Structure formats: structure tokens, C-alpha cells
Amino acid sequence: MRTLTWSLLLLAFQPSHSPTMSDLMVKIIYPASDSIFYITTRTPGTDGEWAALQKNTEALEQAARELIEPRRARDRERWLADAQLMVDASVKAVAAAKTRDLKGLEDLNDALYTSCVQCHQHYRPNYGRGLAQQPASGNQHPAPSIEGVWNFSTLTPFERSQEFSGKPYMTDAEAAAFEARTIEQGNRDRRGASPEADVGGAYNEFWFDRGLRLATINGRHPSSLVVDPPDGRVPPLTAAAQQRAATRAAERRQHPADGPEDRSLGERCLTFNAGPPMNPGPYNNYVQIFQNAGRVIIFNEMIHDARVVPLDGSPHPPAPIRRWQGDSRGRWDGQTLVVDTTNFTDKTNFRGADQNLHLVERFTRIDAKTLHYEYTVDDPTAFTRSWTVSLPMTKTDDRVFEYACHEGNYALENILRGARAEEKEKR
Ligand code: HEC
């Protein structure tokens, strides 16, 4: 089927027809590059499939060469440089397809992808839809829209497990097995043998919403959300931070429930897992983003926190001003919204971070359905190096749920009441 489609496309692609830029992209470049982006998940198995792949790479090269034709070039230098990236990547792709060099094709992914994104950032003003205009900042490009409700649930583990040590990506077979196994193991409808186990299991499966799939980025399944350091693990805490964590833990053991301040922020319905940064959890993995010329509002389903991010170039407040969610300021870097957050408190301790946390989040609209979310954690007093998490968010027509944490929730009161009762007994 693919082969047939391809010969038709190649027929359509005759210089005399001189396809429009849009046709060139949609009919030739897009499907042809897909066969390289998805090389690990749609690996050719037969001679026929390899031949079809080779044809695709050749069509890609031909199209790339078409892009550097003088009549296509929009302004000489930058366009030619951008298009040349694609020529280079596609020439390598043709060679790799000829020798059936799977690894070579896989390694080409990044270079090819970069060639698309770079030129689009420069020459595709309507990249993304429903444009929000930039505030007057001298930047001529309109900002893309990242508005809407996005789902960031995923089965991909935060850190890479021993099982995938040294393997940043799962193969298709590994991914399918991992998904099936994780869904089976996490099934909260298996209530356990005893009444205690049943109660301890809390809600049943209906209430969970972890997602059913691993994250897919460029057609591949990363084995962890942490992508840097390369081992896919959060780097160790500094010695001083380990000491502080040990002191906090000792204090908690000695004073588990003297007052509400001794309990976790989650139990107190103050902050949890709404970020920043945002991370997939067992449920409430939606975020709704609103955008206008001066601000972006990041509204999380979890705990209904709305983060208002000014885009006006104003600075962070002075250091003594500290907030639970830090202070976020945004700016457009080409098609990417970059949100810089500082002024955290020492109370939230995201993975051991402290008040010196400097968080940089990047939101990039990849296509109609995908928003790529990436963040880098830099906190020299907490971590031995900075680290980065990367995950795709998917557009949904669903709406965010309401959120209730305090309502009808007697947990905190009962924990404190229990602690007082225990003290009386000990006296
Ligand atoms: C040298 C510049 C350049 C390169 C390289 C490039 N593109 Fe494009 N692309 C464009 C321009 C310009 C448009 C807008 C076309 C128009 O509407 O006139 C576009 C549009 C598109 C569209 C949308 C077309 C539409 O009508 O909505 C797709 C899909 C696309 N490109 C895919 C790709 C892929 C995949 C790659 C990389 C393998 C790539 N492009 C590389 C310049 C480029």
C-alpha cells in the first residue's frame, strides 16, 4: 500500500508541476521523513519494505534539493542554510537505507528533525494555530498558540529502572510488554486478601487516570522521563542537602503531629504535584493553558492552582519575597515558551530542591495534538548537577475536573486528634 502511494506521489512530484510549498511539505516531505522518524517502531522486515524505505529517502533527498532551488529560497542565506541541513540529513538517509543500516537511520532522527524545526521557526509564520500576538518586544514572529487542555499522563517511569540501564529507549516489543505489565500491576481493583489491605488500597481503579501508554517522542519510547543526566536518574543531593534532609526526617519522627505544620503539604491540601514543575501522577494529569499578549496562565487540574506568568520582560521580585510556587516569568524563544521560575520557599522541597531552585520550563507546540514540555532543575545547593525532564502533552477535548481536597476531608483533624489521644494514654 505504502509503495503504491509512493509511486503515485513521485509521479505527482515532477518539476514541471512545480508543487506548492504546502504540497511539497504535506505530500512528500512529511510522509517520507515519517518513515525515518518511526524507523524503530516500523522497522522494514521484508525486501519490499526496505525498497519502499529507500524510495522514501530518495524522495526526501529530491525534495530537500528542491528546497535549495533558487526560486524556493525566501531570503538567500538563512533559507539555504536551513534547507542544507535537510539535504545533508537526507543524503545520509539514502546511504543508510541502501545498506540497511538501522542504527544509522536511527541516529539521523535528531538531525532530520532539527532541520524541519529550524526552518519552520524561521519561515512558517502560522506554525501552531489561533495566534496570540506578541507584546511589543521587537520580535516580529507571532507567538504560536499553546492554549487548550493538555493531558500529560504517561506510564513512562520518572527515573530509568535497572531493567533498562544503559537503554534510553525501549523497543516496540519492550514497550508493549512494559505497558501491559504496568497496567496489570497497578490495577487497584485487586483489593488484597485482608480487610486492612482493602482499606489500605484506597480508591478503586475507576478513580485513577495514569494513562495507558508510554510517552512517545519522535516515534520512540524513552525509558525514563529524566533525559539528562544520560543515565536517566536524578543526580545525587549534595552532602549538605543530604544532611538537611536527614535533619528534617529526624524532626518529623520526633514531632509527627504536634500541630498541622508537622504534616505534609499534600495532607494539608496546600500544594502537591501541580508544580512547578508539572509531573505525571496517578490522576489529575490535565493542565489548561490560557494565553494573551501579556500573560500565560497555567491552570492545573491537580489542586486547581493557576500560575500567572507575565510575558512583559519584568524581573523577578527581590530575593526576600518567596512563594510556594515560586515566581514565574515567561518569554517566547522562537516558537517555544520559556518560563523561568525562582523565589521558591524552602518548604516545597521538590525532589530535595530548596529555596535556591532555578527552574526553566519549555513549552513547544509540535503539531495540532502535541505540546512538548521540558524542564531543567538547577539548584546548586541541593543537587550535584542540573537535570532535565522531557515529556509530551496531548491535546484533549475533555475538560479539567473540579478539585476538592478540604471538602468532607477529616484526615488532618483525625490525625491530630489521634496524636492527642496517644499522648494522653502515655501520660
Ligand atoms: C527550508 C525550509 C523548510 C524545511 C527544511 C522544512 N520545511 Fe516544512 N514548511 C516550510 C514552510 C515555509 C512551510 C509553510 C508552507 C506554506 O504554507 O506555504 C512548511 C510547512 C510544513 C507543513 C505544513 C504544510 C501545510 O500546508 O500546513 C508540514 C507538515 C511540514 N512543513 C513538514 C516538514 C517536515 C516533516 C520537515 C523535515 C523533514 C520540513 N517540513 C522541513 C519550510 C520548511
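## Around the ligand

At least two residues of the shell around the ligand come from each of helix H2 (21-37), helix H4 (76-98) and helix H5 (102-123); helices here are DSSP runs of H or I with at least four residues, numbered from the N terminus. This is a predicted model, in which local features need pLDDT of at least 70, side-chain atom pairs count only at pLDDT 80 or more, and totals for chains, interfaces and linings use all residues. Residues are numbered from 1 along each chain as its sequence is written.

In total, 19 residues surround the ligand, and the closest are Ser22, Met25, Ser33, Cys116 and Cys119. A residue counts as near if its C-beta atom, placed from the backbone, lies within 6 Å. With seven residues, H2 gives the most to this shell.

## Where H2 meets H5

Which residues of H2 meet H5? They are Ser33, Ile36 and Phe37, and their partners in H5 are Leu105, Leu108, Asn109, Leu112 and Cys116. Contact here means C-beta atoms, placed from the backbone, within 7 Å.

## Domains and confidence

The domain assignment, automatic or from a database, gives the protein chain domain 1 (2-123) and domain 2 (150-154 + 225-411). Their centres, taken over C-alpha atoms, are 38 Å apart.

The chain averages a pLDDT of 88, and 92% of the residues score at least 70; pLDDT is the predictor's confidence in each residue, from 0 to 100. Over residues 1-16, however, pLDDT stays under 50, and over residues 128-140 it is also below 50. Where pLDDT is low, the predicted coordinates should not be read in detail.

Definitions and conventions:
Two residues are in contact if their C-beta atoms, placed from the backbone, lie within 7 Å.
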